[in-house]
Amino acid sequence: MVTCNAQRRAVLGALVLFLSACRISSRKIIVQSGTQPRLAPIRITKVSHQAGSQELLLHSMSLIGTPYRYGGSSRGSGFDCSGMVQYVYQQALQVNLPRTARDIAAVSAPIRTKDLQVGDLVFFNTSGQAYSHMGLYIGNGEFIHAPSSSGVIRTARLDQPYFSQRFTGARTLFAR
């Protein structure tokens with residue numbers, strides 16, 4: 001008789017083999033016995049934070065005015081917040097990120113707000129979840145994001161009341 005845990009492990013094992021065979025993503029899935037799969041941390045080491053941040057800044061600023069689209073992840077159809085960040089990191093640094101803000105938070109490392117550098121990530125609770133909205137820090141207290149309220153990618157300030165009240169943390173993908 002096959003137990004539920006054995007079936008779950010078999011399904012997870014098959015999923016891991018499928019994803020690695022198809023090479024859908026460069027991130028690793030770590031499976032621990034009796035737990036849900038979790039994503040492995042991503043640390044960018046192939047380029048300095050300074051050089052990488054300039055590429056990220058250029059690519060993200062070129063998206064200003066691009067329409068917001070829930071679930072969107074392309075310049076042609078529009079972006080949501082995590083789709084924009086995923087796209088910018090892929091285009092600028094060839095780094096494959098997970099699709100959701102929550103998963104991007106899971107693979108990034110927390111940093112102090114005062115240590116934010118261009119290219120780091122900022123997260124907000126806009127719908128009852130700590131990582132329900134995100135943006136890319138562009139310096140001087142500003143970030144770029146894809147807000148649904150105004151309909152296009154734009155910049156905003158961390159000290160704006162709406163964002164300062166909902167700010168849940170800063171994170172980075174760069175090795176420090």
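User: What makes α3 largely enclosed by the rest of the structure?

Analyst: Buried means under 20% relative accessible area, with exposed over 50% and partly exposed in between (1.4 Å probe, protein chains only). By that cut-off 10 of the 13 residues of α3 are buried, so the helix is largely enclosed; among them are Met84, Val85, Tyr87 and Leu93. This is a predicted model, where local features need pLDDT of at least 70 and side-chain atom pairs count only at pLDDT 80 or more, while totals for chains, interfaces and linings use all residues. Side-chain values use heavy atoms, leaving out hydrogens and water, and residues are numbered from 1 along each chain as its sequence is written.

User: How do you know that the span of helix α3 agrees with its 13 residues?

Analyst: The expected span is 1.5 Å times one less than the number of residues. For residues 81-93 that gives 18 Å, and the end C-alpha atoms are 18 Å apart, so the two agree.

User: Why are β5 and β9 called edge strands?

Analyst: Two strands pair if DSSP finds at least two bridges between them. The open sheet has the order β5-β10-β6-β7-β8-β9, with antiparallel pairing. β5 (109-111) and β9 (154-157) each pair on one side only.

User: What makes β6 and β7 a pair?

Analyst: Pairing takes at least two bridges, and four join β6 (residues 121-124) to β7 (residues 133-139), which run antiparallel. Phe123 stands opposite Met134 in β7.

Technical notes:
Helices (H or I, at least four residues) and strands (E, at least two) are DSSP runs, numbered from the N terminus.
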